[in-house]
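Good morning, colleagues. I shall take a few minutes to go through one structure, beginning with a pair of helices and ending with charged side chains.

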Amino acid sequence: MESFESFCKRNKVSEDRKSDFLTYFYKLMKEKNIKPVDIYKPMNMSRQTYSKIISSQMEPSLTNAVKLAIGLKCSNLECKTLLKKLGYTLSSSSTFALVIRYCLENKIYNYFKINELLLDNHCPTLD
């Protein structure tokens, strides 16, 4: 039987899980040493949209949240954590979500390649 201390360690909420979307987003930016323009520009997101999201004037849609995660070159787990903070998930029952998860796991961060995979699988693109 597992000890109580071990159980608590295993189930304790990490700092990443406690933080809000923007705090976690900035943490990832800092860890990965990525500038804002290197996130939104390759993802075909306007500076205005990015600024509204970052200044909390607008909550990102699932598509924009995915673009931010891809722009940050997130791992699947980092993306899952980031999206969860906004109430989103990449469900295994969605082909769109499976394509995005496939791209993250295989480090495919190119906007055009991702959109091509989405189109090949009859999914909406990241536009």
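Phe96, Val99, Ile100, Tyr102 and Cys103 of helix 8 are in contact with Ile114, Leu117 and Leu118 of helix 9. Sorted by class, this contact comprises eight nonpolar residues, with no polar and no charged ones. Please bear in mind that the model is predicted. Two packed helices are described by the angle between their axes and the distance between those axes. Here, the axes of helix 8 (residues 95-105) and helix 9 (residues 111-120) come within 10 Å and cross at roughly 145 degrees; the crossing is right-handed.

I turn next to helix 5. Which residues are buried in helix 5? They are Tyr50, Ile53 and Ile54, in a helix that spans residues 47-54. Viewed down the axis of helix 5, its buried residues fall within an arc of 95 degrees, so they line one face of the helix. Their cover includes helix 3 (21-32), helix 4 (37-40) and helix 6 (62-71). Just after helix 5, serine 56 adopts a positive phi of about 60 degrees.

Finally, the charged pairs. The structure contains two salt bridges. In one of them, glutamate 31 pairs with lysine 27, and their closest N and O atoms are 2.5 Å apart. These two residues lie four apart in helix 3, and are therefore separated by about one helical turn. A salt bridge also joins glutamate 78 to lysine 32, at 3.0 Å from N to O. This pair links distant parts of the chain, with glutamate 78 in helix 7 (residues 76-84) and lysine 32 in helix 3, 46 residues apart. Glutamate 78 is buried, at 17% relative accessible area, whereas lysine 32 is partly exposed, at 27%.

Definitions and conventions: Residues numbered from 1 in each chain as written. Predicted model: local features only at pLDDT ≥ 70, side-chain atom pairs only at ≥ 80, totals over all residues. Heavy atoms only, no water. Buried < 20%, exposed > 50% of the residue type's maximum accessible area, 1.4 Å probe, protein only. Arc of directions from axis to C-beta. Contact = heavy atoms within 4.5 Å. Axes fitted to C-alpha atoms, helices over the stretch in contact; angles between N-to-C directions. Left-handed = near helix turned anticlockwise from the far one by under 90°. Nonpolar A, V, L, I, M, F, W, Y, C, P; charged D, E, K, R; others polar. Salt bridge = Lys/Arg side-chain N within 4 Å of Asp/Glu carboxyl O.
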